[in-house]
Amino acid sequence: MIEADRIVRSTCPYCGVGCQVNLHVREDRIFKVDAPFDVAPNFGRLCVKGRFGVDFVHHPARLSKPLIRKDFGRTPRQPVGVEGFREATWEEALDLAAERIANIHRQHGPEAFGTFASAKVTNEDNYVFQKFVRGVLGTNNIDHCARLCHAASVTALTIAIGSSAMSNSIAEMKDLEVFIVTGSNTSETHPVISTFLREAVVHNNAKLIVVDPRKIEMTQFAEVWLRQAIGTDVAIFQAMAQVIVAEELYNQEFIDARTEGFKEYAQSILDCTPEWAETVSGVPADDIRKAARLYANAKAAAIYWGMGISQSVHGTDNALSLANLALLCGHLGRPGTGLNPLRGQNNVQGASDSGGLPHVFTAYQPVNDDEVRTRFENYWGVRLNPQPGLTVMEMVDAAARQVIHCYYIMGENPLMSEPDLKHSRHVMENMEFVLAQDIFINESSEFADIILPATSFAEKSGTFTNSDRRVQLIHPAVPAVGEARDDWSILCDLAKRVEGKLGRTTSAGFDYADPAAIWQEMAALTPAFQGIDHPRLERENGVHWPCPSPDHPGSPYLFEDTFPRGKGIFTPLVVTPGAEVPDLEYPYILSTGRVLFHWHGGTMTRRSKLDDIYPEPTVEIHPQDAVAIGLNPGDWVKVRSRRGEIKVRTLITERSPAGMVFIPFHFAEAAANELTHDQRDPKAKIPDYKMCAVQLEPA
Ligand code: SF4
């Protein structure tokens, strides 16, 4: 058995469960990962990614020196691998980057910049990034991958109750009475959460309602499985609400005390009977009734959802229909209740909390609120832009119109995550200046002019915030690779250089001793964080925000007495069709998502031994469709949409219904987003990754 030189506590770098891990290190290499049994949120549990997937930290392709493109300044630019770059000193790379940024700023002004914060880096890194964007560049054009996963949930929950965070904690899951899982393949996307949910069913007799077109593993534990036609979620939840109103199963006391708009809403769903929903969704009316009664009659019931709800042209309406149900039954503000969007990346909650969004500073304080903005201006010592900035896809549009001239991408890979990649690539080819900062070269940084090497989660300190708002520490376990530096420290250096090149006499302030000092500044500007600091996180192994004072215990569940908007509001909804429905030419519906062994664009998992287990892109096809197309298991098949074509392996399974195929989006060599379209939810601006029309042909 190998003896560890040291065992370092950290937080898993993959999904939003935020599992606590012990990194066992010998001779500066992590050789084993396990989990402490006495610490939330995972209490000793890990999935395959957390346990076996962190070897990417030692991958030889890690970036170790700043890189400058050999054909620097030439456009249109082509994607190049590492051989298309030359190594540079930090001095040269940062000076050149600062000069280009200052030139573009002088020539085109603050709105010429589009910037990407990151759900993979720490809260402290993201705080400094948004301070650089707002305080130095003077724009609010900052967004990140939250836009592409849960923007619709955020928008809907902000409308309904005034807060978008998951309302209850992971610790409550094993004691649930009734719960709905919809649009979430939980056992693959949030595997440790799925173990607590299954424990509730198996050990505590909880009743699970699954609403999902795919026969995901959670359906095996379901009391009721509503297999709706893809894109018909609103019809199902409206019909459940109709049953609850018609049978007077709603919580009158809660509705009177804590909601508004009930009468109008009840009126709006009069005709949304289960029979009507059956014609829209294909789900038997009696199953809808059974689900409605189960949810409404429970003393406590919770709703969990994933990107199947949010990544849709009617994602906001999908999530609003869930909020309507919770308000109707008063299933909010108590343990075991709640509205819980399961966040994807490990720090997607934290990147949003730290101000990585175009309309808000930290903890969702609006940039166009004079009192809030003045507080930040006084602290930072600079004037700030009151105009909310552009979202990810609006930045693509603005770049296509040559309004945006520079992208600064920290730890993100938009050329894997954006829809309709051909269009996004075209935009990147013609950008005046692209600055990337990451741990590997990826499909986006292949277009960069300068790449700055950053440290990974295992080489630095700071905090991540998981899906249930628990702020947790990471600690350095191994030395930085080569000359890689922490993101916050790179940003501070760059910010000072840009300020210098712009001839500024005042500075927003970029001198920090360490991430703990950055957190102190963020907390000083953010009432919801004021009770949290690094020493407390060390002592308590994490704290749930809001936590307004040092003697506050933190908030595992929210909304006990009130909602941030005061009363919760019901929203009448109308069922609308999907953005792209199948036709004779493109007869199959494509849905995209994750598999257990990989993560997002595959930047990390495809450089770990997990790639040996799941090495190739696949398409999940129903046996009936496989016969019609003439496909056998393992055959290569071309999948084509109106935007592009990819080649993937056939996986014949009844998991997806006939007429629908499913492709994981982790594989750069067959990126599912070559096929998707960029039509968006009008309110949340999130693209629809769950429904586009494709044709299949043996390759
Ligand atoms: Fe990491 Fe998520 Fe797996 Fe936990 S469930 S080990 S956080 S990937």
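## The second largest pocket

In this predicted model, the lining of the second largest pocket is made up, by class, of seven nonpolar, eight polar and eight charged residues. The pocket holds about 340 Å³ of space, and of the 23 residues that line it, A61, F440, I441, N442 and R607 lie nearest its centre. Two of these residues are also in contact with each other, in that R607 lies over the face of F440, at 4.2 Å from the ring centre.

## The largest pocket

The largest pocket contains about 700 Å³ of space. Among the 34 residues that line the largest pocket, those closest to its centre are V154, T158, S164, H359 and Y364. Sorted by class, this lining has 18 nonpolar, eleven polar and five charged residues.

Helices α4 (146-149) and α5 (151-160) each supply at least two residues of the lining of the largest pocket, and it is α5 that gives the most, with four residues.

## The surroundings of the ligand

The ligand is surrounded by C12, Y14, C15, V17, G18, C19, L46, C47, K49, G50, P191 and V192. By class, this shell has nine nonpolar, two polar and one charged residues, and at least two residues of the shell come from each of α1 (48-52) and α7 (191-204).

## Aromatic pairs

A pair of aromatic rings is described by the distance of the centres and the angle of the planes. The count of aromatic pairs in this model comes to 20.

Another edge-to-face pair is that of F129 and Y408, with 5.2 Å centre to centre and 65° between the planes. Here too distant parts of the chain are linked, with F129 in helix α3 (residues 123-137) and Y408 in strand β14 (residues 406-410), 279 residues apart. F129 counts as buried because its relative accessibility is 0%, and Y408, with a relative accessible area of 2%, is buried as well.

## An aromatic cluster and a charge over a ring

Y127, F361, F376 and W380 form one aromatic cluster. Elsewhere, the charged end of R214 sits over the ring of F662, 3.6 Å from its centre.

Technical notes:
Residues numbered from 1 in each chain as written. Predicted model: local features only at pLDDT ≥ 70, side-chain atom pairs only at ≥ 80, totals over all residues. Heavy atoms only, no water. Near = heavy atom within 4 Å. Nonpolar A, V, L, I, M, F, W, Y, C, P; charged D, E, K, R; others polar. Phe/Tyr/Trp six-rings, centres within 6.5 Å; stacked < 30°, edge-to-face > 60°. Buried < 20%, exposed > 50% of the residue type's maximum accessible area, 1.4 Å probe, protein only. Lys NZ or Arg CZ within 6 Å of the ring centre and 35° of its normal. 1 Å grid on protein atoms, 1.4 Å probe; cavity = no way out; pocket = protein on both sides within 12 Å on 5 of 7 lines; lining within 4 Å. Points joined across faces, edges and corners; volume = space filled by probe spheres on them.
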